[in-house]
Amino acid sequence: IQNDNIDHTRSYYKQLLESAQQDNKDYDLNIATNFFVDDFIEVINKYQQIANTHYHAMLEKVSYSNPTQTAATINNWVSEHTNGRLREIVTPDSLEGAVITLVNVIYFKGLWTYPFPEVANNVKPFYGARGKPTNAQYMEQNGQFYYDNSADLGAQILRLPYRGNKLAMYFILPNPDNTVNQVLDRINSASLHQALWYMEENEVNVTLPKFKFDFSEQLNEPLQQV
């Protein structure tokens, strides 16, 4: 990576963080990063300065020879920065052999600009990627939303704004003749940018299941390629 690209990335990320975390009465957003470094490691001051200045990342010394205490330290930090929503992301066993743990958390709490009306027992089948239906509680409304049926992606795209109209959630629904994996294979930076560009305000009947989700990924290989 050329120095110019590194400087541009650092500057852009710093602006993004500062813009995202400005005080806003309409929602709560907190992005926090911390390095938990073993006591015996001496971190170069310049590295600490870059991490703090451009990425708002802090550094905390811990003792991995005491994994129980270190796990508690990390989990307490995570809980504090997510208003108690996340209470455990590491265990003493998961820290075996570790010397540095990089933790990044994002906490967001917001309200829809156009709230869904409360409807009791609005249960309908939801079809997952494998086509098997499960019963789910749905929320529905009609309104003007940014929407597009993208032929390039083979999917419908919907934008639901949060109160304040600075942030929004995007939903991508594969068309009946496309699978989730087929749509994912077509999504890249250019195709997604183009699809979002074509979105226009339309009268849309929105039907969404209430949902929770989690995600897990091993980053060993991607980080080794950096």
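Predicted model: local features only at pLDDT ≥ 70, side-chain atom pairs only at ≥ 80, totals over all residues.
The domain assignment places domain 1 at residues 3–110 and domain 2 at residues 123–209.

Let me now describe the chain. It contains 6 helices and 8 strands. Read from the N terminus, the order of these elements is α-β-α-β-α-β-β-β-β-β-α-α-β-α. Along the principal axes, the C-alpha atoms occupy a box of roughly 60 × 45 × 40 Å.

I come next to the contact between the domains. The size of an interface is often given as the accessible area lost when the parts come together. Here, about 550 Å² is buried between domain 1 and domain 2, and carbon and sulfur atoms account for 64% of that area. Which residues of domain 1 lose the most area to domain 2? They are D26, Y27 and F108, and together these three make up 70% of what the domain 1 side buries. In number, domain 1 brings 7 residues to the contact and domain 2 brings 5.

What about polar links across this interface? The count of salt bridges between domain 1 and domain 2 is 0, while 1 residue pair is found in polar contact. On the domain 1 side, strands β1 (27–38) and β3 (100–110) each contribute at least two of the residues that touch domain 2. Sorted by class, that side consists of 3 nonpolar, 3 polar and 1 charged residues.

Let us move to the aromatic rings. The model has 10 aromatic pairs. One of them joins F36 and W77, whose ring centres are 5.9 Å apart; their planes meet at 80°, which is over the 60 degrees required, and the pair is therefore edge-to-face.

Which residues does H81 contact, once neighbours within four places in sequence are set aside? They are N30, A32, V105 and Y107. For L102, the C-alpha to C-alpha distance from H81 is 15 Å, with the two residues 21 apart in sequence.

Thank you for your attention.

Conventions
Residues numbered from 1 in each chain as written. Heavy atoms only, no water. Domains from an automatic or database assignment. Contact = heavy atoms within 4.5 Å. Buried area = accessible area lost by both parts, 1.4 Å probe. Salt bridge = Lys/Arg side-chain N within 4 Å of Asp/Glu carboxyl O. Polar contact = N/O pair within 3.5 Å; in protein donor to acceptor, adjacent residues only side chain to side chain. Helix = DSSP H or I, 4+ residues; strand = E, 2+ residues; numbered from the N terminus. Nonpolar A, V, L, I, M, F, W, Y, C, P; charged D, E, K, R; others polar. Phe/Tyr/Trp six-rings, centres within 6.5 Å; stacked < 30°, edge-to-face > 60°.
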